[in-house]
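Visitor: I have a protein structure open on my screen and would like to learn how to read it. Could you take me through some features?

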Protein chains: 2
Amino acid sequence: MAVPVKFSGMVLNLFVLLFLVSVMNFPAVSEAKIRRYKWELKYEYKSPDCFKKLVITINGRTPGPTIVAEQGDTIIVELKNSLWTENTAIHWHGIRQIGTPWFDGTEGVTQCPILPGETFVYRFVVDRPGTYLYHAHYGMQREAGLYGSIRVSLPAGVSEPFAYDDDRSIILMDWYHKSAYEQAAGLVSIPFQWVGEPQSILINGKGKFNCSSLASPSLNVSTVCNVSNPECTPYALTVIPGKTYRLRISSLTALSALSFQLEGHNMTVVEADGHYVEPFVVQNLFIYSGETYSVLIKTDQDPSRNYWATTTVVSRRPVTPPGLAFLNYYPNHPRRYPPTIPPPGPVWDDVSLRVNQSLAIKARQGIITPPPPQTTDRMIVLLNTQNRFNGFVRWSVNNVSFNLPHTPYLIALKQNLLHAFDQTPPPDGYDFKNYDIFSVQSNENATTSNGIYRLDFNSTVDIILQNANTMNEKNSETHPWHLHGHDFWVLGYGPGKFDVYNDPKKFNLVDPIMKNTVPVHTYGWTALRFRADNPGVWAFHCHIESHFFMGMGVVFEEGIEKVGKLPSSIMGCVHRP
Amino acid sequence: MAVPVKFSGMVLNLFVLLFLVSVMNFPAVSEAKIRRYKWELKYEYKSPDCFKKLVITINGRTPGPTIVAEQGDTIIVELKNSLWTENTAIHWHGIRQIGTPWFDGTEGVTQCPILPGETFVYRFVVDRPGTYLYHAHYGMQREAGLYGSIRVSLPAGVSEPFAYDDDRSIILMDWYHKSAYEQAAGLVSIPFQWVGEPQSILINGKGKFNCSSLASPSLNVSTVCNVSNPECTPYALTVIPGKTYRLRISSLTALSALSFQLEGHNMTVVEADGHYVEPFVVQNLFIYSGETYSVLIKTDQDPSRNYWATTTVVSRRPVTPPGLAFLNYYPNHPRRYPPTIPPPGPVWDDVSLRVNQSLAIKARQGIITPPPPQTTDRMIVLLNTQNRFNGFVRWSVNNVSFNLPHTPYLIALKQNLLHAFDQTPPPDGYDFKNYDIFSVQSNENATTSNGIYRLDFNSTVDIILQNANTMNEKNSETHPWHLHGHDFWVLGYGPGKFDVYNDPKKFNLVDPIMKNTVPVHTYGWTALRFRADNPGVWAFHCHIESHFFMGMGVVFEEGIEKVGKLPSSIMGCVHRP
């Protein structure tokens with residue numbers, strides 16, 4: 001007698017999942033590993049740009065240690081919060097957290113903050129190869145120095161679609177001498193006090209501030225700012241002549257859009273946000289906060305000298321001096337100055353240069369990436385505006401300035417705590433017909449809310465980021481928007497007001513790149529598409545630290561009913577009855 | 001048939017309690033009231049001494065609002081934490097919290113910290129008249145400006161044992177331009193960076209820093225320091241000539257011991273820490289952090305002018321300029337400068353002057369205060385030392401440097417979480433015979449611990465604070481020790497090493513004052529007695545902010561089994577299973 005074999009749906013799904021995982025992610029023989037990190041957060045005095053200030057360190061360092069893993073590995077970070085009175089949370093930027101939406105690290109969205117004295121354990125799988133980031137996602141703590149890189153390689157035996165001899169990570173940051181709290185206090189002041197331009201640009205955590213500008217009869221400048229401090233020795237990217245290097249370049253700036261260049265060396269862009277790019281060559285790479293790129297360089301120049309690596313501010317008037325590092329041709333001394341002056345960056349206010357790079361980024365041909373759905377189920381147009389609300393300056397999306405609730409959405413939704421946040425969703429659009437994006441608008445109906453967008457599970461969603469004029473005449477700013485829990489297809493960029501009837505016809509549905517962070521250029525629009533297929537609650541926001549703090553973000557819920565049991569560790573701010 | 005009336009023990013006790021309450025506390029007709037306060041904590045830029053820095057405000061102010069109540073009233077403070085990423089807790093200094101040990105506000109001892117976005121409700125009875133204080137009891141937040149006064153008057157119809165026309169509160173503070181975090185970072189650095197002397201002394205939240213000392217070519221000084229800022233207009237204590245005023249003078253300094261004086265006016269001390277004092281006259285009042293005094297003054301001087309109120313640093317070399325305010329004789333203009341120069345304070349390093357004031361403070365004769373028990377059940381001698389531990393500079397008590405656990409003791413003990421803290425109690429004494437308190441000692445067996453003293457409920461406990469030499473030659477510092485949950489009898493002060501056999505014979509068991517904060521003078525000892533009759537867990541520590549942060553404290557448990565059900569609101573840091 002044949003025994004009827006029954007699989008429950010869940011068991012069957014597990015089988016299918018295991019099969020898919022084995023086919024898609026582990027084509028070679030390697031085995032997924034567990035990679036365990038023990039990190040302790042502290043406030044310490046550091047001098048990243050020679051100016052001494054209090055920063056948040058991980059195991060004594062800023063930026064923190066690089067997480068190095070292979071595709072499919074499980075990362076465990078035991079995070080001890082030794083800040084005295086301050087909580088924290090760390091976001092794993094670009095990691096989709098499939099099956100672990102509670103470890104996305106977004107305070108107020110996916111978890112309660114981690115208290116001083118607590119050890120919180122993050123545990124998640126890095127399911128895709130590529131270049132990713134991590135950083136605090138609580139208040140404006142990222143600016144205090146809590147950030148670092150994640151590098152996920154392919155399993156042994158599997159090759160990238162390009163060849164290189166070695167790879168290097170370069171993480172870019174802008175740097176303020178005021179504390180994150182001092183900046184935040186200004187942002188919520190009446191009158192508004194803007195954070196201003198950063199004092200320095202850091203390349204791998206090192207910059208050089210002009211200490212002599214602080215000279216004062218009452219201050220022994222060298223105690224607070226000392227250009228000879230080894231902590232601010234410029235970063236040296238040491239290379240061997242005649243090789244090909246993969247540089248993983250990423251930015252977590254608080255504010256600045258940057259251009260990065262290597263004197264005398266072209267760069268071939270091959271990866272963006274963990275996806276392979278149809279290669280294209282640049283002399284300078286534009287990079288926005290939250291983006292990562294891999295470029296290939298050949299060390300084929302005169303080997304008897306070093307070269308400048310420079311990064312300059314674009315899109316805003318560059319008050320901040322360029323960040324400088326050395327491309328060090330071995331065996332020249334790593335601190336030997338190049339015989340040249342650092343090359344100037346591109347013209348800061350030529351938007352077309354940056355739009356052209358955006359348009360140049362396409363998915364690499366012949367690489368199997370999921371093709372975009374050819375139609376959408378829902379289109380949400382997000383008008384980005386700056387406005388005044390009760391005397392405060394805020395950023396708004398469709399006239400709604402976002403604020404975070406005390407109880408994280410993930411917990412509120414799973415536990416059906418309907419009073420934890422505003423149940424009215426923000427609007428899917430704005431007054432397309434009458435709103436003038438090219439001039440200062442009063443935005444008099446602006447409001448603040450913590451309402452969220454509820455998306456149908458597995459539906460396809462188009463997001464149109466629509467830029468506009470700020471509160472200043474003839475001014476529109478570049479905003480890099482970052483989506484948690486997903487990669488999205490970048491369907492197009494355009495100038496002016498998005499035309500909901502005609503512009504979708506121009507969408508690139510053939511070879512759009514997938515990314516997790518994308519700029520909306522001045523007075524323009526950017527169109528994205530994603531599948532709402534990751535059960536959880538996900539932030540989507542401008543990655544400029546002060547802009548999100550001022551309300552420039554939204555939150556998406558999808559498939560909340562499919563989210564498993566939440567770990568109790570994320571619930572520290574939800575009181576027992 | 002007679003119905004037997006049975007009272008349960010609890011009901012009977014309630015009757016007895018009500019009877020006692022009505023007899024002792026409400027001899028007149030007044031009724032206890034509920035006084036409700038809604039406070040919001042924020043970080044804001046303020047210029048208390050003309051220098052602009054970030055401070056913690058309550059409803060926009062530092063110091064915060066004065067709580068004004070009558071004896072027996074219930075105080076309800078709804079505290080909204082709107083600090084961005086920082087927790088808090090507020091201690092009600094001098095309020096014994098009888099029956100409400102969970103609302104003492106001591107983070108790590110009686111409650112978990114209050115998270116950003118939370119509203120925590122403190123609810124307690126002010127059962128004794130007098131002058132009390134409140135302040136943050138978490139990290140070093142008190143220094144960030146989170147402090148204020150509590151004034152509890154007698155019920156209507158009941159008189160103080162002295163007469164006055166009106167009363168005024170004066171709260172003294174020292175003020176640093178570095179943030180509490182910057183100071184804390186120095187204290188835990190290797191090499192150690194001491195916080196140094198404060199920049200200013202504030203009288204009722206106002207001081208005057210010499211802004212011109214900041215002059216710098218790169219800094220527009222007036223943007224950060226402006227002596228014309230109305231926020232730093234000197235405090236004017238406005239009085240009408242020919243009257244008697246009660247001045248409630250208190251200190252919550254981070255570091256400094258102070259002398260307070262009113263030019264041309266003697267002060268008659270009548271109250272200390274909420275207890276009536278046998279009146280004595282001073283020209284300058286020495287006051288340590290955590291102490292409160294009431295003094296009477298007569299406005300009997302030349303009414304055509306104003307007078308200086310000054311406060312100067314004593315016990316440490318006074319690098320900080322005196323704090324200045326105006327004693328303003330109405331109708332002279334409150335900002336009219338006195339025609340004199342401010343009177344100098346007493347010699348800063350003459351310890352005998354300060355010991356003499358300590359010795360002068362006795363309980364007021366004829367006022368019924370509980371007399372001290374004539375014998376003790378236990379004597380704990382606490383040797384105060386400074387020492388090095390693993391390269392860090394720490395303060396220790398009997399060679400144990402205190403640190404707070406993550407789970408508050410009150411919760412750990414009630415829930416029997418034995419692993420939440422070290423179950424080994426610290427020692428009751430030190431090596432009396434061999435330890436030389438007059439020279440630098442190596443204290444090589446120093447350790448850190450969060451172990452606590454367990455006291456027998458209702459026992460009488462003597463505490464001897466024993467001072468010693470610091471790590472610097474010929475240096476001993478004054479420490480004001482503050483006990484939570486109790487008043488203690490001050491049985492005596494003496495020079496040198498306490499003699500456990502002979503010195504107790506000299507204890508004042510006749511008319512000792514009761515206090516909650518008391519100094520231990522340089523190279524001397526101070527003897528206290530209290531009844532362990534308040535079920536709960538109570539901190540006892542040096543009130544110098546940086547000293548407690550560096551380990552100078554102990555914790556007492558008594559009658560934990562008598563503590564009622566803990567409110568869930570204090571448990572935010574204790575995870576659900």
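**Reading the surface, the interface and the interior**

Guide: Let's begin with one residue: B:I190 counts as exposed because its relative accessibility is 53%. Buried means under 20% relative accessible area, exposed means over 50%, and partly exposed lies in between, using a 1.4 Å probe and the protein chains only. Before we go on, this is a predicted model, in which local features need pLDDT of at least 70 and side-chain atom pairs count only at pLDDT 80 or more, while totals for chains, interfaces and linings use all residues. Residues are numbered from 1 along each chain as its sequence is written, chains are lettered from A and ligands numbered from 1 in the order in which they are written, and side-chain values use heavy atoms, with hydrogens and water left out.

Visitor: Where does B:I190 lie in chain B?

Guide: Look in the loop between helix 2 (180-187) and strand 10 (200-203) of chain B. Helices (H or I, at least four residues) and strands (E, at least two) are DSSP runs, numbered from the N terminus.

Visitor: How do I read the interface of two chains?

Guide: The size of an interface is often given as the accessible area lost when the parts come together. Chain A and chain B bury about 3,600 Å² between them, with 57% of it on carbon and sulfur atoms; this is the accessible area (1.4 Å probe) that two parts lose on being put together, summed over both. Counting contacts (heavy atoms within 4.5 Å), 40 residues of chain A touch 40 residues of chain B.

Visitor: How many residue pairs are in polar contact across the interface of chain A and chain B?

Guide: A polar contact is a pair of N or O atoms within 3.5 Å; within protein, one must be able to donate a hydrogen and the other to accept it, and residues adjacent in sequence count only if both atoms are side-chain atoms. The rule finds 13 such residue pairs across this interface, both residues at pLDDT 80 or more. On the side of chain A that touches chain B, strand 1 (34-46) and helix 2 (180-187) of chain A each supply at least two residues. Helix 2 of chain A gives the largest share of that side, five residues.

Visitor: What about salt bridges?

Guide: A salt bridge is a side-chain nitrogen of Lys or Arg within 4 Å of a carboxyl oxygen of Asp or Glu. One example joins the side chains of A:R248 and A:D167 at 2.8 Å, N to O. A:R248 lies in strand 12 (residues 244-251) of chain A and A:D167 in strand 9 (residues 166-175) of chain A, so the pair ties together parts that are 81 residues apart in sequence. Both A:R248 and A:D167 are buried.

Visitor: Is A:H521 buried or exposed?

Guide: A:H521 is buried, because its relative accessible area is 4%. You will find A:H521 in the loop between strand 29 (517-520) and strand 30 (524-531) of chain A. Its side chain makes a polar contact with the side chain of A:S358, at 2.8 Å. Leaving aside neighbours within four places in sequence, A:H521 is in contact with several residues, including A:Y288, A:R354 and A:Y493.

Visitor: What is phi of B:Q97 near?

Guide: Phi of B:Q97 is near 60°, a positive value in a residue other than glycine. B:Q97 counts as buried because its relative accessibility is 1%.
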